[in-house]
Amino acid sequence: MTKSTLQTADTNDRQPETAGFLEIKNLSKAYPTGNGGEFVVLHNINLTVQENEFVSLIGHSGCGKSTLLKIVAGLERSTSGLVTLEGREIRKPGSDRMMVFQHYSLLPWLTVRENVRLAVDEVLKDASRAEKASLVNEHLAMVNLMPAANKYPDEISGGMKQRVGIARALAIRPKMLLMDEPFGALDALTRGKLQRQVLDIWEAHRQAVLMVTHDVDEALYMSDRIVMMTNGPAAQIGEILDVPFAHPRDRAALRENPHYYELRNHALNFLDQHFGADD
Amino acid sequence: MVQLSIMALFVALSQATWKRTKLVLLRDTVLYPALGFLGILLLWYGIASLRHELMPYPHEAVINNLDFITHPFYQGGAGDLGIGWLLLASLRRVLLGFLLGAVVAIPLGFLIGMYRPALLALNPIIQILKPVSPLAWLPIALAIFNLAEPSAIFVIFITSLWSTIINTALGVSSVSKDYLDVARVLEMPSWRQVYKIILPASLPYIFTGLRISLGIAWLVIVAVEMLTGGVGIGFFVWDEWSRLNLSSVFLAVFVIGITGLLLDVAIAQLEALITHRRTPKEG
Ligand SMILES: Nc1ncnc2c1ncn2[C@@H]1O[C@H](COP(=O)(O)OP(=O)(O)OP(=O)(O)O)[C@@H](O)[C@H]1O
Ligand SMILES: [Mg+2]
């Protein structure tokens, strides 16, 4: 690929003037502690994600990234504040926001295909059997899992399990994809490949993505914006970094771009600054 | 033990160095078990030589039992049946009581595992009743039913309850939150979560409970039949003893043991079949 793909993306792409697809307003989350007090995890979070935007969430361990993602998924309730998707308040889990779980969360008694099929059966009730079957196959093929379709989760590698999780999430055609460190448990080589696959899929069918990560390079490579959180307790959004490289992106070309290193250093400095600040 | 040996066989079969493993295989699946049996036989000979007026030698026991062994399904009128019939009668009681027990225990276990008030209400009762010997229920059963047959089945039913309830409840309450989160994100209604997520996730626990229950039930039926009489392997043991016919008692002990083992293997096979999982992983 040539360097021309790295030109700054047209800002009209993200249409910042329209109301957000996902809106998080003044969100706070506290857990009650044993002695009657409360432990504030997230404090006054405000974030908007557009309909076809890839947003990364980065921050030190324990600052509340998973908590934020779970609140958007509807698996946790916020203590105060409002989360809306297309203007409607999020109160409970829904298949319009599908999650790729940090620890795969595959059902071990089902094969790879059955795991994806279960999600499709559950969500796309009106589809015919043939439609469902082809949808499952299409998404298994998309993440190169056809050869392993009839294997059980404990018979496949971690990278393959993560791909099943991704196929399962994509197969039900969610409006928004929530990924909690989807590549965290993988070795560097597999991680690179899988990042590419996911990015390919996303570039082909753009949609809203919120991805938690620990890895600045991953965030820069994949996302349009990087939300950097301050340390907990009472974590806030410290800074939002725009990543102005156009899609489709090429990793090698990115690495030769000086702007890439500016952003990278900026993000790393932010994280260093906040490292251990509140411990 | 049979199961272990079969597993050892599979493991050994998949090895590449076939020649060497053949010897190891022979040693592990034939030689050592044979040595164990030989030891028991020697012990038997030793004890029999001390009290030979009461205790037959092993070879005498076989000869005395030849009739039983060669004609297990002999029918010589009332009370004169081959040992196969006796075994079947006992098996029928055990399986009936056990199935009734499972039908009651599994739903109860689900209730206790999923609904805290049910746990709080039922746990004390279970904890008190569980350590009671199932035989203590026999007089109560006889008072209720007035008949030996349903009473025996009732005792087995009670026997089968506790382990299955406790293990089912444990399995249900320890279903990983991750699995339930998947179901919630997919907006699966909770009644469907019960049989699509919670049931399959807790099946291994349920089967552990069933296996323990069936094992105890098979232990208990022999004692129950000794007390109630009638057709059955337990009463056979008692009857032969009162005729001072120890050879037959030994035969019965052997048959009871093998049957118990087969029951355990059968339920393990059933588990493998239902959970669709091969126990040893190939490759
Ligand atoms: N159910 C809970 N009850 C009480 N505290 C909780 C609960 N869940 C999370 N926390 C606390 O909330 C904080 C944030 O947790 P969270 O899992 O969101 O962190 P994270 O940013 O995802 O960390 P990591 O990067 O290590 O995954 C932690 O301090 C954690 O101890
Ligand atoms: Mg986390």
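View 1. B:Leu38 is found in helix H2 of chain B, which covers residues 18-50. The model shown here, as in every view below, is predicted. B:Leu38 is partly exposed, with a relative accessible area of 47%. B:Leu38 belongs to a nonpolar patch on the surface. At 61% relative accessibility, B:Leu23 counts as exposed, because the cut-off for exposed is over 50%.

**View 2. Chain B as a whole.** The secondary structure of chain B comes to 11 helices and 0 strands. Read along the sequence, the pattern is α-α-α-α-α-α-α-α-α-α-α. The C-alpha trace of chain B spans about 75 × 65 × 35 Å along its principal axes. One pair of residues gives a sense of scale. B:Leu23 and B:Ala183 are 160 residues apart along the chain, and their C-alpha atoms are separated by 51 Å. Chain B has 283 residues, and buried residues make up 38% of them. Its accessible surface comes to about 16,100 Å². Carbon and sulfur atoms account for 72% of that surface. Among contacts in chain B between residues at least 6 apart in sequence, 65% join residues at least 24 apart.

**View 3. The buried side of helix H10 of chain B.** Helix H10 of chain B runs over residues 233-242. Its buried residues are B:Ile233, B:Gly234, B:Phe236, B:Val237 and B:Glu240. These residues lie on the same side of H10(B), because they cover an arc of only 160° around the axis. What covers them? The cover includes four helices of chain B: H3 (58-70), H4 (83-114), H9 (190-228) and H11 (246-274). B:Leu244 follows H10(B). The phi of B:Leu244 is positive, near 55°.

View 4. B:Glu149 forms a salt bridge with B:Arg92, and the closest N and O atoms are 3.1 Å apart. B:Glu149 lies in helix H7 (residues 148-173) of chain B and B:Arg92 in helix H4 of chain B, so the pair ties together parts that are 57 residues apart in sequence. B:Glu149 is partly exposed, with a relative accessible area of 29%. B:Arg92 also counts as partly exposed, at 47% relative accessibility. Salt bridges that share partners join B:Arg92, B:Arg93, B:Glu149 and B:Glu225 into one network.

**View 5. Two salt bridges in chain A.** A search of the whole structure finds 25 salt bridges over all chains. One of them joins the side chains of A:Lys29 and A:Glu76, at 3.6 Å from N to O. A:Lys29 lies in strand S1 (residues 22-32) of chain A. A:Glu76 lies in the loop between helix H1 (65-73) and strand S4 (80-85) of chain A. The pair therefore ties together parts that are 47 residues apart in sequence. A:Lys29 counts as buried at 7% relative accessibility, because buried means under 20%. In a second salt bridge, the side chains of A:Arg91 and A:Glu89 meet at 3.4 Å, N to O. A:Arg91 counts as exposed, at 53% relative accessibility. A:Glu89 is partly exposed, with a relative accessible area of 39%.

**View 6. The interface of chain A and chain B.** At this interface, 26 residues of chain A are in contact with 19 residues of chain B. The area buried between the chains is about 2,100 Å². Carbon and sulfur atoms give 58% of that area. In chain A, A:Leu75, A:Trp109 and A:Glu122 lose the most area to chain B. Together they account for 30% of what that side buries. How many salt bridges does the rule find across the interface? The rule finds 1. The side chains of B:Arg192 and A:Glu122 meet in a salt bridge, at 2.3 Å from N to O.

View 7. A:Ser105 is found in the loop between strand S6 (97-100) and helix H2 (112-123) of chain A. Is A:Ser105 buried or exposed? At 4% relative accessibility, A:Ser105 counts as buried. Its neighbours within four places in sequence are left aside here. Beyond these, A:Ser105 is in contact with A:Arg168, B:Asp178 and B:Val182.

Notes: Residues are numbered from 1 along each chain as its sequence is written. Chains are lettered from A and ligands numbered from 1 in the order in which they are written. This is a predicted model: local features need pLDDT of at least 70, side-chain atom pairs count only at pLDDT 80 or more; totals for chains, interfaces and linings use all residues. Side-chain values use heavy atoms; hydrogens and water are left out. Buried means under 20% relative accessible area, exposed over 50%, partly exposed in between (1.4 Å probe, protein chains only). The arc is that of the directions from the helix axis to the C-beta atoms. Contact means heavy atoms within 4.5 Å. Patches are made of residues with over 30% relative accessible area and no salt bridge: like charges are joined within 9 Å, nonpolar side chains (Val, Leu, Ile, Met, Phe, Trp, Tyr) within 5 Å. Accessible areas come from the Shrake-Rupley method with a 1.4 Å probe; for residues, only the protein chains shown count as cover. A salt bridge is a side-chain nitrogen of Lys or Arg within 4 Å of a carboxyl oxygen of Asp or Glu. Buried area is the accessible area (1.4 Å probe) that two parts lose on being put together, summed over both.
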